[in-house]
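Try each one yourself before you read the solution.

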Amino acid sequence: MLGFLKHPVVVTADINLNVVALTAMGLLSRLWQLSYPRAVVFDEVYYGQYISFYMKRIFFLDGSGPPFGHMLLALGGYLGGFDGNFLWNRIGAEYSSNVPVWSLRLLPALTGALSVPMAYQILSELGFSHCAAMGAALLMLIENALITQSRLMLLESVLIFFNLLAVLSYLKFSNSQKQRPFSPSWWFWLTLTGVACSCAVGVKYVGVFTYLLVLAVAGVHAWHLIGDRSLSNVSVLCHLLARAAALLVVPAAMYLLFFYVHLSLVYRSGPHDQIMSSAFQASLEGGLARITQGQPLEVAYGSQVTLKNVFGKPVPCWLHSHQSTYPMIYENGRGSSHQQQVTCYPFKDVNNWWIVKDPGRHQLVVSNPPRPVRHGDVVQLVHGMTTRFLNTHDVAAPLSPHSQEVSCYVDYNVSMPSQNLWRLDIVNRDSDAGVWKTILSEVRLVHVNTSAVLKLSGAHLPDWGFRQLEVVGEKLSRGYHESTVWNVEEHRYGKSQEQEEREVELHSPTQMDVHRNLSFLARFLELQWRMLTAKSDGSEHKYSSSPLDWVTLDTSIAYWLHPRTSAQIHLLGNVVIWASASLATAVYTLLFFWYLLRRRRKICDLPEDSWLRWVLAGALCAGGWAVNYVPFFLMEKTLFLYHYLPALTFQILLLPVVLQHISDHLCRTQLLRSLFSALLVAWYSCACHVFNTLRPLTYGDKSLSPSELKALRWKDSWDILIRKYQ
């Protein structure tokens with residue numbers, strides 16, 4: 001029974017020393033003097049703020065991408081003992097002693113280093129030679145821009161790592177499919193493909209391009225699988241279900257998990273709260289939650305409320321009025337009703353309070369028991385501080401002449417009667433008898449006489465309106481929009497019928513001792529929508545560039561400059577590698593269509609296995625470049641050179657593929673192959689020379705003289721000379 005103890009337990013393993021050596025070189029190139037410079041470098045000023053928010057559990061919103069990448073950076077800060085106390089206010093600021101710079105930059109450096117051996121493995125899995133695989137890895141190793149980006153607290157190297165991991169995992173799965181389908185390794189690589197794809201999307205939204213590419217290749221392979229008559233219907237169904245679960249369900253679940261962890265970590269109120277809805281704000285600890293907790297849930301006749309516009313653009317604001325009236329005559333000569341102004345005010349103010357009144361009764365307090373207001377009820381809104389009724393009529397609004405003016409009615413004893421009845425339309429009601437609820441209900445106020453809807457136009461009134469936002473009555477026929485939707489944010493049951501006592505009541509706080517939370521799914525959907533619709537800053541930046549500038553390397557970015565010496569860090573690409581990669585992409589495209597046309601004529605220049613390998617390599621490498629590059633032409637946002645790095649990575653993988661193809665299939669004599677090999681050696685020597693030349697600007701560890709800097713300025717667009725001696 002215990003006979004197995006008579007023999008030693010032996011474990012054998014195949015270790016690819018090439019991968020080990022490439023990993024070691026990658027780590028050396030990325031980790032060497034990683035904590036230098038001890039200063040904020042370029043976009044570290046933004047990512048550092050988010051890390052501090054994580055350390056202090058403060059909610060934030062970044063419209064540039066999902067939170068997974070930020071959490072990974074924050075993990076480095078947490079492991080390094082960072083307490084979040086650093087003011088990320090400017091590029092170049094020296095890090096204080098409590099900031100673990102090495103730890104914060106470690107994860108991007110590790111992912112950048114591991115991308116080097118991963119390039120080797122991808123070419124190997126595609127079936128290309130050891131020399132081609134080594135070539136791809138060595139090019140990744142000495143590409144200056146990739147090194148610079150991976151040595152800082154930035155996310156491009158993390159995105160590239162997960163892009164490559166998704167491609168590598170799928171190739172390993174595809175090769176397992178040919179040998180042992182449904183084996184443990186088959187399941188592992190298929191599942192890892194889905195996980196890597198979800199991580200790529202979780203780091204930055206542009207990761208979805210690589211995800212779609214992998215899905216497209218998997219879809220083509222699944223289509224061929226369906227046509228395989230050697231497989232039974234049950235077997236085909238199992239294959240399709242396994243792929244759907246791993247490549248669709250797993251990424252979706254992972255994506256939700258990222259946000260679940262994110263929202264669990266940032267549960268405190270912060271500076272980005274006002275972008276979110278009142279319900280979301282009330283779910284955060286502190287801030288609005290301290291004001292709204294314990295408020296009555298159901299709005300009743302006599303309730304005192306503040307009404308916040310759901311749209312929140314151009315800024316979050318509340319329905320507001322004050323003693324001032326509209327001018328008799330506007331600057332353009334149009335007349336007004338001269339009624340009391342109604343605006344939307346972007347600050348908390350006592351003049352934001354309104355009383356919900358029953359038109360059939362005079363009382364302005366809540367009865368006992370309270371009578372809740374329901375969908376379809378007609379109400380009056382009384383301004384708390386002036387006791388005037390919310391009103392609209394057929395008078396043009398001051399800045400939106402096609403809409404009606406909204407005011408608080410002043411009786412001038414002229415032929416303009418008040419029109420102050422409003423019908424409540426609860427947009428997100430469960431039934432037609434739904435009750436108007438604090439924070440949760442989104443309502444429209446429809447004017448009974450004119451059918452106009454209370455709307456935030458978003459225009460800023462002139463000085464006579466104190467630069468507050470215009471509120472108008474918009475006809476229902478113009479359609480639904482969030483700017484016509486409001487929700488009750490602060491709410492109390494009114495107790496004082498007399499005006500003086502009521503004014504004291506309106507000035508008092510509304511705090512109580514009950515807490516209300518949104519579900520995770522509701523918070524996820526709102527946060528996702530806010531992130532996707534957040535407008536990026538479209539202003540031009542000193543180092544912004546267009547996608548056309550990237551291919552020709554006609555741009556650069558000055559990342560950091562030493563305050564006392566001329567040592568500096570720039571995002572500069574290796575000119576030889578960038579130009580060669582672009583040329584390889586053009587050559588591949590021409591050769592692919594040439595072979596495709598000849599195959600149509602029944603002329604097969606390549607054996608079938610070589611042709612399939614050539615097509616798959618192009619789909620993943622040339623396709624990876626295209627899907628990560630072309631969409632930027634359609635984006636209305638400020639773009640920088642680093643946006644091209646994921647696309648460049650796929651181009652670098654394609655370069656050795658094209659070179660091996662030329663050597664194996666186009667150089668038909670030994671002499672041509674020898675000459676081609678000599679050219680490759682010379683070419684790679686040039687690439688190494690450029691890497692070494694730009695190395696001081698990649699690592700920033702050497703002070704350069706003016707003449708040395710001028711020697712590096714091979715293009716006027718490379719803004720290297722930023723010192724006083726320009």
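**Exercise 1: a serine in a loop**

Serine 566 counts as buried, because its relative accessibility is 10% and the cut-off for buried is under 20%. Keep in mind that this is a predicted model.

Now find where serine 566 sits and which side chain it contacts.

*Solution.* Start with the place: serine 566 is in the loop between β13 (557–561) and β14 (568–571). Then look at the side chain: a polar contact of 3.0 Å links serine 566 to the side chain of serine 703.

**Exercise 2: a pair of rings**

How do the rings of tryptophan 550 and tyrosine 644 pair: stacked, edge-to-face or tilted?

*Solution.* Step one, the setting: the structure has 43 aromatic pairs. Step two, the geometry: the ring centres of tryptophan 550 and tyrosine 644 are 6.0 Å apart and the planes meet at 40°, so this pair is tilted. Step three, the location: tryptophan 550 belongs to helix α15 (residues 547–551) and tyrosine 644 to the loop between α17 (608–627) and α18 (645–666), so the pair ties together parts 94 residues apart in sequence.

**Exercise 3: charges over rings**

Which rings do arginine 492 and arginine 613 lie over?

*Solution.* Take arginine 492: its charged end sits over the ring of tryptophan 353, 4.4 Å from the ring's centre. Next, arginine 613 lies over the face of phenylalanine 128, with 5.6 Å to the ring centre.

Technical notes:
Residues are numbered from 1 along each chain as its sequence is written. This is a predicted model: local features need pLDDT of at least 70, side-chain atom pairs count only at pLDDT 80 or more; totals for chains, interfaces and linings use all residues. Side-chain values use heavy atoms; hydrogens and water are left out. Helices (H or I, at least four residues) and strands (E, at least two) are DSSP runs, numbered from the N terminus. Buried means under 20% relative accessible area, exposed over 50%, partly exposed in between (1.4 Å probe, protein chains only). A polar contact is a pair of N or O atoms within 3.5 Å; within protein, one must be able to donate a hydrogen and the other to accept it, and residues adjacent in sequence count only if both atoms are side-chain atoms. Rings of Phe, Tyr and Trp (its six-membered ring) pair if their centres lie within 6.5 Å; planes under 30 degrees apart count as stacked, over 60 as edge-to-face and the rest as tilted. A charge sits over a ring if NZ of Lys or CZ of Arg is within 6 Å of the ring centre and within 35 degrees of the ring normal.
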